Amino acid sequence: MAACSLQLQLPTCVFEYSRRIWSRRAPRLPVVCSSNQSNLQNGGDKPPHSARCEGENVILVERYGNGTAKRFIVDDDFQVRTFLEENRPISNKSQETQFSNTFLYSVPDVIKDFILPAGFPGSVSDDYLQYMLLQFPTNVTAWICHTLVTSSLLKAVGIGSFSGSAAAASAAAIRWVSKDGIGAVGRLFIGGRFGNLFDDDPKQWRLYADFIGSAGSIFDLTTPLYPAYFLPLASVGNLAKAVARGLKDPSFRVIQNHFAISGNLGEVAAKEEVWEVAAQLLGLALGILILDTPGLVSSYPVLAITWLGMRLLHLWLRYQSLSVLQFDTINLKRARILVKSHVLHSTVPGYVDCNREENILLWQRFMKPRIVFGVPLEEFMGGERSLSMLKSLLKLYEKEKYILVVNQQEIEFEVFVSFKVGATSISVLRSVWQTYWLHEHGKGIHNAFDQLARSLSELENGFGDFIQQLHQTGWDTNEIKLKVPKEIAIDELGPV
């Protein structure tokens, strides 16, 4: 497919993460070599001798987060062929870390991605895995105790007794704990699937947590109407509220860390607890007064309408509270606002104005122009596996830590970006700047390579001023929260 043929006119670019793109579009290629050496992964100039075939001219390697690497080879007809190579990394760390790596190597990649932070082990300290392996059975024993205590509490309120029939209490405890267990599945899913999103946009996920929690409360509210279905309704409600908690807790930890500018995170968290408990006590008191209102308890419609009005007020207040947050760190939403302002007006707004302009509710995938990060290099080349195509791209981006092309088949403007080994958050920011320049100024240049060359020239001339203005307007350029996708990285091994 010639999705990225670089010889058509530019058309008009939302941000999607590379995992979805790679899993959907990556071709299945033969594994021609396997090596236990870590040369490829450690950035060696050439692949191991045992992993090479006679007559091959390897010009670059595309590395994947699961440890495999795709080698781009020039054949005798000057066409580019690709092969996958499996590499098992050799650890140079302590014996315990080597044991952990050996243990993890036997775990499927899907599970590793689910239970470990992105970029593990480089993204966390050396003691992280050992702590979690010990913390897991610790939490198991805690929940066993919770189950037993729940049974005792139910017996204390008259459901069964220690001397009489304990079957009723045990059955009630099992149903109650099962409800909690179904809810825990929601938190498990959120933490495993979306754990890498909270650092980037805590305001958005904190608000989404309240929307989902409100939906869960609706199921609880309907239990009096269908008492025979109490357990399924309460379980679904608990599941939704557990998902909401899974979104709320990590998001709010990021917000608390934003408040703690003096390194006093513990104190900030403690004082926040004071505010929350005071609000809880006042809310409980007002709730009891409302329940004591004559006719309210006996009239379900009045109770439901009162809850709905209070919940809408709660969501509006939550939105207002999140809107006043003023982050001086740069995530993708704020980066887009900053870059667009600089490309169009050669100015950069301060973090107060930028946070005010930031749309909390908008999902990244619906943002324009559309940017797709972490696209395989073959996607760039389309069906043309010619050496000239690859040589032109590599030459054009030899000074950058990424490669960007415009997708010519989309009606709306869309760019594909793939990052090289050693790319940083600044590399991501540079690619966003280039994207916005192409989107705003590239339509008048009909040759695609001329478009890219001109945009890179403008990037070279304007990006320094952009960074300087970020400093002058108070942005923390040491906290640029633009993550480089770990699934794919390009490593140039030699001249084309």
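Residues are numbered from 1 along each chain as its sequence is written, and side-chain values use heavy atoms, with hydrogens and water left out. In this predicted model, local features need pLDDT of at least 70 and side-chain atom pairs count only at pLDDT 80 or more, whereas totals for chains, interfaces and linings use all residues.

**Figure 1. Overall composition of the protein chain.** The protein chain contains 15 helices and nine strands; these are DSSP runs numbered from the N terminus (helices, H or I, at least four residues; strands, E, at least two). Of its 496 residues, 41% are buried (under 20% relative accessible area; exposed is over 50% and partly exposed lies in between; 1.4 Å probe, protein chains only). The chain exposes about 26,800 Å², of which carbon and sulfur atoms supply 60% (Shrake-Rupley method, 1.4 Å probe).

**Figure 2. Packing of helix H7 with helix H8.** Helix H7 (residues 230-259) packs with helix H8 (residues 265-291) at an angle of about 115 degrees, and their axes are 9 Å apart. Axes are lines fitted to C-alpha atoms over the stretch in contact, and angles run from 0 to 180 degrees between N-to-C directions. From H7, the residues Phe 252, Gln 256, Asn 257 and Phe 259 meet Leu 265, Val 268, Ala 269 and Glu 272 of H8 (contact: heavy atoms within 4.5 Å). The residues of this contact comprise five nonpolar, two polar and one charged. Here Ala, Val, Leu, Ile, Met, Phe, Trp, Tyr, Cys and Pro count as nonpolar, Asp, Glu, Lys and Arg as charged, and the others, Gly among them, as polar.

Figure 3. Rings of Phe, Tyr and Trp (its six-membered ring) pair if their centres lie within 6.5 Å; planes under 30 degrees apart are stacked, over 60 edge-to-face and the rest tilted. By this rule there are eight aromatic pairs. Tyr 397 and Tyr 402 form a tilted pair, 5.7 Å centre to centre with 55 degrees between the planes. Tyr 397 counts as buried because its relative accessibility is 0%, and Tyr 402 is likewise buried, with a relative accessible area of 0%.

**Figure 4. The aromatic pair of Phe 463 and Phe 466.** These two rings form a tilted pair, with 5.7 Å between centres and 45 degrees between the planes. Both residues lie in helix H15 (residues 448-472), three residues apart, about one turn of the helix. Phe 463 counts as buried because its relative accessibility is 5%; Phe 466 is also buried, at 1% relative accessible area.
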